Amino acid sequence: MEQVLEDKILELLKKQTGHAGFYYKNLVTGDTLGYHENEQFLAASVIKLPIFMCISKWAYEGKVSMAEKLKVSEGDKMPICGALTLFTGEPEADIKTLCNLMISLSDNTATNMLIKRFTMEAFCEEFKNIGLENTRLERLLFDADAG
């Protein structure tokens, strides 16, 4: 990466309010650029990416079918959190649809459905297997009762 571009990116990151981290790696050239890249952050919706990676990996390995259907109960629906809250009754959605909603619309109901289906423990174990040593899933999204 050109040094001028690297310097400009780092300059812009340093001007941001709050606490930011950034990591870039060009998979072709191997060039990297980081800013607070080794610090820990609360993931918020970013956790959805490694969740999706794990499910995709398990589907590729034949450990899960993306066509498996899950019933979305009224109690599963997160208020004002994605498309699934707009359905009346208790719709069924396959894992592929839940993944699509989680990634494309940041649907928290879909995310929680997937976490419940596969378990936090399974995700945490797979995060380590794929090299995400410091990534943990410790609660459902918007779980006010979790510590």
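Visitor: Which residue in β2 is the bridge partner of Phe22?

Guide: Tyr35 is the bridge partner of Phe22. Before we go on, this is a predicted model, where local features need pLDDT of at least 70, side-chain atom pairs count only at pLDDT 80 or more, and totals for chains, interfaces and linings use all residues. Residues are numbered from 1 along each chain as its sequence is written, and side-chain values use heavy atoms, with hydrogens and water left out.

Visitor: OK, how many bridges join β1 to β2?

Guide: Four, and strand β1 (residues 22-25) runs antiparallel to β2. Strands count as paired if DSSP finds at least two bridges between them. Strands here are DSSP runs (E, at least two residues), helices are runs of H or I with at least four residues, and both are numbered from the N terminus.

Visitor: What sits between β1 and β2?

Guide: Six residues, and the two strands form a hairpin. Gly30 in the turn has a positive phi of about 85°.

Visitor: Which residues of β2 are on its covered face?

Guide: Leu33 and Tyr35 are on the covered face of β2 (residues 32-35), while Thr32 and Gly34 make up the uncovered one.

Visitor: Switching to helices. Which residues of α3 are buried?

Guide: In α3 (residues 95-104), Ile95, Leu98, Cys99, Leu101 and Met102 are buried. Buried means under 20% relative accessible area, exposed over 50%, and partly exposed in between, with a 1.4 Å probe and protein chains only. These residues cover an arc of only 165° around the axis, so they lie on the same side of α3. The arc is taken from the directions from the helix axis to the C-beta atoms.

Visitor: And what do they pack against?

Guide: The buried residues of α3 pack against α2 (48-60), β3 (69-71), β4 (92-94) and α4. Contact means heavy atoms within 4.5 Å.

Visitor: What about Thr111, buried or exposed?

Guide: Thr111, in helix α4, counts as buried because its relative accessibility is 0%. Not counting residues up to four places away in sequence, Thr111 touches Lys48, Ile51, Met102 and Leu141.

Visitor: Last one: which residues of α4 and α5 meet?

Guide: Leu114, Ile115 and Phe118 in α4 meet Met120, Ala122 and Phe123 in α5. The residues of that contact are six nonpolar, no polar and no charged. Nonpolar covers Ala, Val, Leu, Ile, Met, Phe, Trp, Tyr, Cys and Pro; charged covers Asp, Glu, Lys and Arg; the others, Gly among them, count as polar.
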